[in-house]
Amino acid sequence: MLIETRGNDGRDANIGLYEAILKPVASFNGLWSLKNIPQISIDDIKDLSYNDLTKYIFKILGADSSLLCDALFSYKTFDNPNTPLDFTKLDDNLFLQKLYTGPTRAFKDMAMQPFCRILCDLAKKEDKKYLILTATSGDTGPATLEAIKNQPNIYAICMYPKGGTSDVQRLQMTTNNAKNTKVLALNGDFDDAQSVLKNLLSDVDFREFLDKNNFCISATNSVNFGRIIFQIIYHIYSYTYLLKHNIINSAESINIIIPSGNFGNALGAFYAKMMGIKINKIIIATNANSILFDFIKTGKYDIRNRRLLKTNSPAMDILKSSNMERVLFHLYGYERTKELMENLDRDKSYEISKSELAKLNLYFDAHKSDDNITLATIKEYAQKDIIIDPHTATALNAYKNDGIKTIIVSTAEWSKFAPTIAKALGLDSACNDKDALYYISSKFSLPIHKNIESLFSKDECNNTIVDSSNVGNIIKEWLRSIS
Ligand SMILES: *Cc1c(COP(=O)(O)O)cnc(C)c1O
């Protein structure tokens, strides 16, 4: 069911979902993507529950669904055990799709919960030890740790950019005391963290050490197709939700606006559109790190003179947006994708032609917001008693009422970014996470989820500060100590 985005170097490329989960890197450092894009018949899916829709999508993609049962069971811990997402109507044309009803209160749970369940089942089934290496800009780490904590045969290392996350995000990682987890604070930014892990994965000595100690390696970053597959489902479900509630008719197309960073969420919507779901445009919302905006508007992906900026929507602070590669593959083929990705590695830039750009723009439009605009948007909605996080604000700010029914993808609960929201509301900027959390909770009568509230009374027992040069050694030392 899968194919390599940069062509094949001679290795066996006839693999299924579970092999791609365990070996996410394809030939020439490429990725795995869908070999055939099946067309969905809306009549077949329009009445399906969330879990049945997931089973249906696995089936038409030809993905082995034998491990899916446990995976779907993971959604039982979400606010509504039958449907892991929720909707709020903002006006007749505008709907908020809330993807943060899981245990860490950000959309990463949507894919990470079922995906890690599959990993754990695979590890048990094969009686092997799996090591997961994850670079996180703030939400993937907590979601990974939460999904695998205290599971047998599976170990996770999460590396986050020191100072690059919110307090709540950091605490969600550093207070995790499960023996099978290790949290590293890297002196560097998110792109550095991604590179360190990518280099480690191709380091011969490190691989030998893992082999000798019987560890198989995997990654839970959104380049792993095992995550992407779960991120297709909710976009399709949103469409059927609008249909079922007679908000759209069967001839109507919708827009989806997505706060984007590594482009995993948007990629799920891209596949949904290719499968025939009536999506007019996927609108990519970015912050001041507007590399995706520039690319979609001009066809130039150029990071030569760009520094990664710290913004108030840190999960989108990315310049190398890995999943764009899969879009390039589907639109322009593997040879062109390999050429463009090699240009990016060598020159830190690539450019597509006018006609290639026109093709891209059939699917995508883009919008960017800086921190001030984000704050103003949070304030504007708070005046209507709608409390949104800064990532969601970038998407809301991208909305123009043009009569097209629009889904705003809301990627995090307000509680993960309370100081930013307090600042938007004019509270003293010295406000810390905890004070801001309680202030907003009481002012707007919003409950604080117990997983968030309990963080502040826990010890930060799992936090090792590292430089990129010693990451390999620290990981080896930890693995020796636990095996
Ligand atoms: C990860 C994340 C994003 C970015 O999603 P991508 O799939 O990487 O584009 C946006 N908002 C929040 C809150 C996130 O955690």
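The following conversation discusses a predicted model of a protein.

Q: Into which domains is the protein divided?
A: In this predicted model, domain 1 covers 42-98 + 226-413, and domain 2 covers 109-221 + 459-482.

Q: How far apart do the C-alpha centres of the two domains lie?
A: The C-alpha centres of domain 1 and domain 2 are 26 Å apart.

Q: And how many residues are in contact between them?
A: Contact between the domains involves 25 residues of domain 1 and 23 residues of domain 2.

Q: Let us turn to the sheet. In what order do its six strands come?
A: The order is β3-β4-β14-β9-β10-β13. The sheet is open, and the pairing of its strands is mixed.

Q: Which strands are at the edges?
A: The edge strands are β3 (86-91) and β13 (364-368), each of which pairs on one side only.

Q: By what angle are neighbouring strands turned against each other?
A: On average, neighbouring strands of this sheet are turned by 25° against each other, with direction ignored.

Q: Which helix packs on this sheet?
A: Helix α17 (residues 390-397) does, and it touches β3, β4, β9 (254-259), β10 (279-286), β13 and β14. The direction of α17 makes about 160° with that of β14.

Q: How many residues of α17 are buried?
A: Seven of the eight residues of α17 are buried, so the helix is mostly covered. The buried residues are P390, H391, T392, A393, T394, A395 and L396.

Q: Back to the strands: how many bridges join β4 to β14, and do they run parallel or antiparallel?
A: Five bridges join β4 (residues 94-98) to β14 (residues 406-410), and these two strands run parallel. Within this pair, L94 stands opposite T406 in β14.

Q: What about I284; where is it?
A: I284 is in strand β10.

Q: Is I284 buried or exposed, and why?
A: I284 counts as buried because its relative accessibility is 0%, and buried means under 20%.

Q: What is I284 in contact with, beyond its neighbours within four places in sequence?
A: Its contacts are I258, S260, F263, A266, L292, I296, F364, D365, A366 and H367.

Q: A new topic: what span should helix α14 have, and what does the model show?
A: Helix α14 (residues 334-347) has 14 residues, and at 1.5 Å a residue they should span 20 Å. The C-alpha atoms at its ends are 19 Å apart, which agrees.

Q: Which residues of α14 are buried?
A: They are T337, L340, M341, N343 and L344. Seen down the axis of α14, the buried residues fall within an arc of 150°, so they line one face of the helix.

Q: What do those buried residues pack against?
A: The buried residues of α14 pack against β11 (300-302), α13 (324-332) and β12 (349-351).

Q: And which exposed residues are on the face turned away?
A: That face of α14 carries the exposed residues E335, D345 and R346.

Q: What comes just after α14?
A: Just after α14, K348 takes a positive phi of about 60°.

Q: Which residues does T140 contact, leaving aside its neighbours within four places in sequence?
A: T140 is in contact with K108, M112, T134, T220 and R227.

How values were computed: Residues are numbered from 1 along each chain as its sequence is written. This is a predicted model: local features need pLDDT of at least 70, side-chain atom pairs count only at pLDDT 80 or more; totals for chains, interfaces and linings use all residues. Side-chain values use heavy atoms; hydrogens and water are left out. Two strands pair if DSSP finds at least two bridges between them. Helices (H or I, at least four residues) and strands (E, at least two) are DSSP runs, numbered from the N terminus. Axes are lines fitted to C-alpha atoms, for helices over the stretch in contact, and angles run from 0 to 180 degrees between N-to-C directions. Contact means heavy atoms within 4.5 Å. The expected span of a helix is 1.5 Å times one less than its number of residues. Buried means under 20% relative accessible area, exposed over 50%, partly exposed in between (1.4 Å probe, protein chains only). The arc is that of the directions from the helix axis to the C-beta atoms. Domain bounds come from an automatic or database domain assignment.
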